[in-house]
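Colleague: Could you walk me through reading this one? I'd like the general idea each time, then the case at hand.

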Amino acid sequence: MVLVTIAIMALTLKHLFAVIMLSGAFSLVSAMLFVVMDAVDVAFTEAAVGAGVSTVLMLATMALTVRVQKETKRPIIFPLAVVCLVGVLLIYGTLDMPNFGTFDSPAQLHLGSTYLSITYKDMGIPNVVTGILASYRGYDTLGETVVVLTAGLGVILLLSGLKGRKDKE
Amino acid sequence: MKHHLILKVITKFMVGVIVLFGLYVQFHGDYSPGGGFQAGVIIAAAFILYGIVMGLENVQKVMPIWFAQKSAAVGVLLYALTGVFSIFFGFEFLNYYAISPEHPKHGQHYGIILVELGVGITVTFVMIAIYYSFAGRTPRLDDKEW
């Protein structure tokens, strides 16, 4: 409910500073939602990246560009219809999903229970998530780390490269 | 942000706490929720907070640009070398049993700590480097201009 309110406020406001602050608040509220659903590590990430770092980066971008959103001339009925249709389809899709925390959902029955039973035997650490991430799925995590590094390199090259060129001219 | 005395005092106090919490999340990752990525963003958030409140020049005295950019690669290197290490001892890539074959569980433990440390280092410094490259282009603004 709070999330919907924040989202509608962010849509209606034209002042970008307020919109960025609202998106930060949105992330913080969804972090609380993750805590309620027992996904504390996802909540950490959401609070630090979504509410913290990305808000700062968007503010920095806004300081480089404009403060106020441009008025749109085009009618909004068609985009609105598309968004509503996709929303209805997504909600329709969730009807087939098992309820949150159901004992006999596919996620609990197959691989999940296997990992839960073998992780402690294999490596003697209680946090199964870390065990899967760092050991069973070590390749994937290495790939993810490389992706993070590549993304950072891309940003550094794009932004600081331009600055260096401007200095030379 | 010249005149925000309260913000500055609170920030000086909070940065230490945030970094400490980040280190806890990093090295306690195999017992409690969290791990390298979470710890990385928390520590980076501490530096970014310091940079916002104290100014970019002051945070770059603590963490120079070249250091942030070069250290980002060190994390990936640490991760990959942990994997290569086990190849040299006749195990598969990233098989942590190689680290101490007599105590397989200890091997897994050390391996996971090393790998998470690599992830944490990369994420921390990539986040800080991205912040630097954004903030370095932003002209200094007065409070009124926002």
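Colleague: Leaving aside neighbours within four places in sequence, which residues is Val126(B) in contact with?

Modeller: First, the ground rules: this is a predicted model, where local features need pLDDT of at least 70, side-chain atom pairs count only at pLDDT 80 or more, and totals for chains, interfaces and linings use all residues. Residues are numbered from 1 along each chain as its sequence is written, while chains are lettered from A and ligands numbered from 1 in the order in which they are written. Two residues are in contact if their C-beta atoms, placed from the backbone, lie within 7 Å. On that basis, Val126(B) touches Val148(A), Leu149(A) and Gly152(A), plus Ala72(B).

Colleague: Which residues have the most contacts inside the largest nonpolar core?

Modeller: In soluble globular proteins, nonpolar side chains tend to be buried together. A nonpolar core here is a set of buried Ala, Val, Leu, Ile, Met, Phe, Trp, Tyr and Cys residues joined through C-beta atoms within 7 Å. Buried means 20 or more other C-beta atoms within 10 Å of a residue's own, exposed means 12 or fewer, and partly exposed is in between, again with C-beta atoms placed from the backbone. The largest core has 54 residues, and Val41(B), Ile42(B), Val126(B), Ile128(B) and Tyr131(B) have the most contacts inside it. Helix 5 of chain B gives the most, with 15 residues.

Colleague: How many residues does each chain bring to the contact between them?

Modeller: Chain A brings 39 residues and chain B 50.

Colleague: And why is chain A called more spread out than a compact globule?

Modeller: Start with its make-up: chain A has eight helices and zero strands. Its radius of gyration, taken over C-alpha atoms, is 22 Å, well over the 15 Å that the globule rule gives for 169 residues, so chain A is more spread out than a compact globule. That rule is 2.2 Å times the number of residues to the power 0.38. Along the principal axes, the C-alpha atoms fill a box of roughly 60 × 50 × 25 Å.

Colleague: What share of chain A counts as buried?

Modeller: 18% of its 169 residues.

How values were computed
Helices (H or I, at least four residues) and strands (E, at least two) are DSSP runs, numbered from the N terminus.
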